[in-house]
Amino acid sequence: MRPEILNPLFAALTDLKGVGPQLAKPLARLGLERVVDVLFHLPTGLISRVSVDRIDQAQPGQTIIVEVTARDYRPGRSPRAPFGVEAFDRAGDHVRLVYFGRTSGLARKLFPIGETRRVSGRLDLYGETRQIVHPDHVAEPGDGGAIAEHEPVYPLTEGLTNARLSQLAAVALERRPELAEWIDAPLLASRGWPAWREALARAHASPRDEAARDRLAYDEIFANQVALMLIRQRLRNRRGRAIVGDGRLTGRLRLPFGLTGAQERVGREIAGDMARDTPMLRMLQGDVGSGKTLVALRAMLTAVEAGTQAALLAPTEILARQHFATLQTMLAGLPVNLAILTGRDKGRVRESTLMGLADGSIDILVGTHAIFQQAVTYRDLALVVVDEQHRFGVAQRLMLTQKAIRPPHLLVMTATPIPRTLLLANHGEMDVSRLDEMPPGRTPVDTRVVSVERLDEVVASLERHLATGAQAYWVCPLVAESEASELAAAEERAALLRERLGADRVGLVHGRMKGGDKDDVMARFQAGAIGVLVATTVIEVGVDVPAASLMVVEHAEHFGLAQLHQLRGRVGRGSPKSVCLLLRSPTLSDTARERLALMRETNDGFVIAEKDLELRGGGELLGLKQSGEADYRLANPDQLVRLLPVAHDDARLFVERDGGMDGARGDAVRLCLYLFERDAAVPLLRSG
């Protein structure tokens, strides 16, 4: 239960005076629904104003504060034309105050002829005339505090002004309580950080206050690390059971190639975990094509050898069926009963599968979220493998682990290489294994960067590619064309390609389609009935079509490096040489140019992931806000890199040395967990 002292911060914004349904809508678009949301919605910029007595003391381009007197109006020739107020400072220097649109009435009201006003805005030159377009503040001369020389600028949305958000931030700051200090005193002193309450006020006053910003970022990172440590401690204390195979199944696997050194090493790590009575909680990281499925299969066969069952959870039906087909091929000739269960399975087929799970005749089950529904029971589930684990929330994964008599071993897999910093930030409760070696014979994808101005050449090349019987992907950043953007849209591109190549050769999938319709198009593409698949990034993960050997990514500079690497991984799965064409805009920023050059130079996903974190800086990084992952509102990637190791060590000392929640800092840290809403994960995972 949340400590009472924090309740004012978690009150709805609509409880505040002046926040009605109309204002609540734009606030909600920014994710601001409670007082604490505004408190953690920090400004990203700062307006600095220079107060001058005379206009000629200021330079064009400066934002100034000056007292002026209106002498005349200069209406435009039409109601839509600019409306000017001719004004003069104390020394008689002239400045024109310009308003656009139908705002003449407002301008006349703000600047009555002969009256003096204190005005603020950016001073510019129009020809030789000094002017201020749409002054941002107008005040009575005696109201000296009405225009601040420094004003924070908040991220906004349509229907919300900076002034209104500043007012809400002031109300939120008034509600912040005095809280016991959760940071270790020596650390606080060595960093020169202010107390939590002061840090919030300073961070809202200026985005340049690094000490205040770092303090708040550290608090958020620390809360997450403590939650992960408590989860790990609880999981390690649970009593599971040791699973040891005898090799009678794994030894009979018929593989077209030998295991890589990385697969053997990771296999030993997983086998070692399963041989202990502490439930395994391990993440398997492997780049596209590194052989994660084979490693997972060997672990599942170990469970079968021990007389128990295993389950493989996939995020989509098409990926589940793909896994099922792959495992069927690998298990050919082995006495292993493999089954699949998805939401599409009904009637007798479903009933037969449920009976086989309950009586133990099914050894390995592959499926979607349907495999952890209430009606599904297992005779003896000992190992759960979760593929593309970032697509599942913590609660979904736990529902499956609760299907076991005793806590099962859990192996989660991801083909998205995650920088070490983000691994520690979001998966600190897990042990991590990395497949950093490719199987022999896999040919690297040839990556080329081409200007979008050569679109006709690319389409002609695509036509020749399809004529050989090969297939291709064409990825666009948008679903439909937008007036606000010139980016290619999937629907528009599909229409153009159908016109050139034939309607029956071009398929289209995007996130707005219904699941069944999307799966149907994907299945036709897998079967070879469609030559080119136009898509948004819904095909980023898991699709395996060996005949697809060309990937075209339009406006590639608008995708993250990790996304581009995942998209490139959709090709190069068969024997033909594969090509990835990154279509870029004619003009690129230096950062975009560097990112695309890196894609051309390396196929190593781990190198790309680390560079992505470095280049994106404070931007939103792929993987940072995925479903089920930690959502950082105050800490940006740069702060994660700098502060996470410190927070990780401090959290470990708090949990292991200082007695955790029962120690002297326990009450203060509990407040921190509730404040940053990391408290919910602890009882949820403990219940598993």
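**Exercise 1.** Which strands does helix 9 lie across, and at about what angle does helix 9 run to strand 14?

*Solution.* The model is predicted: local features need pLDDT of at least 70, side-chain atom pairs count only at pLDDT 80 or more, and totals for chains, interfaces and linings use all residues. Residues are numbered from 1 along each chain as its sequence is written, and side-chain values use heavy atoms, with hydrogens and water left out.

Step 1. Helices (H or I, at least four residues) and strands (E, at least two) are DSSP runs, numbered from the N terminus. Helix 9 covers residues 292-305.

Step 2. Helix 9 lies across strands 10, 11, 13, 14, 15 and 16. Contact means heavy atoms within 4.5 Å.

Step 3. The angle to strand 14 (381-386) is about 170 degrees. Axes are lines fitted to C-alpha atoms, for helices over the stretch in contact, and angles run from 0 to 180 degrees between N-to-C directions.

**Exercise 2.** State the strand order of the open sheet and name the edge strands.

*Solution.* Step 1. Two strands pair if DSSP finds at least two bridges between them. The order of the seven strands is 12-13-11-14-15-10-16, with parallel pairing.

Step 2. Strand 12 (338-341) and strand 16 (431-435) each pair on one side only, which makes them the edge strands.

**Exercise 3.** Is His41 buried or exposed?

*Solution.* Step 1. Buried means under 20% relative accessible area, exposed over 50%, partly exposed in between (1.4 Å probe, protein chains only).

Step 2. His41 has a relative accessible area of 12%, so His41 is buried.

Step 3. Residues that His41 touches include Leu30, Tyr154 and His204.

Definitions and conventions:
Lists of a residue's contacts leave out its neighbours within four places in sequence.
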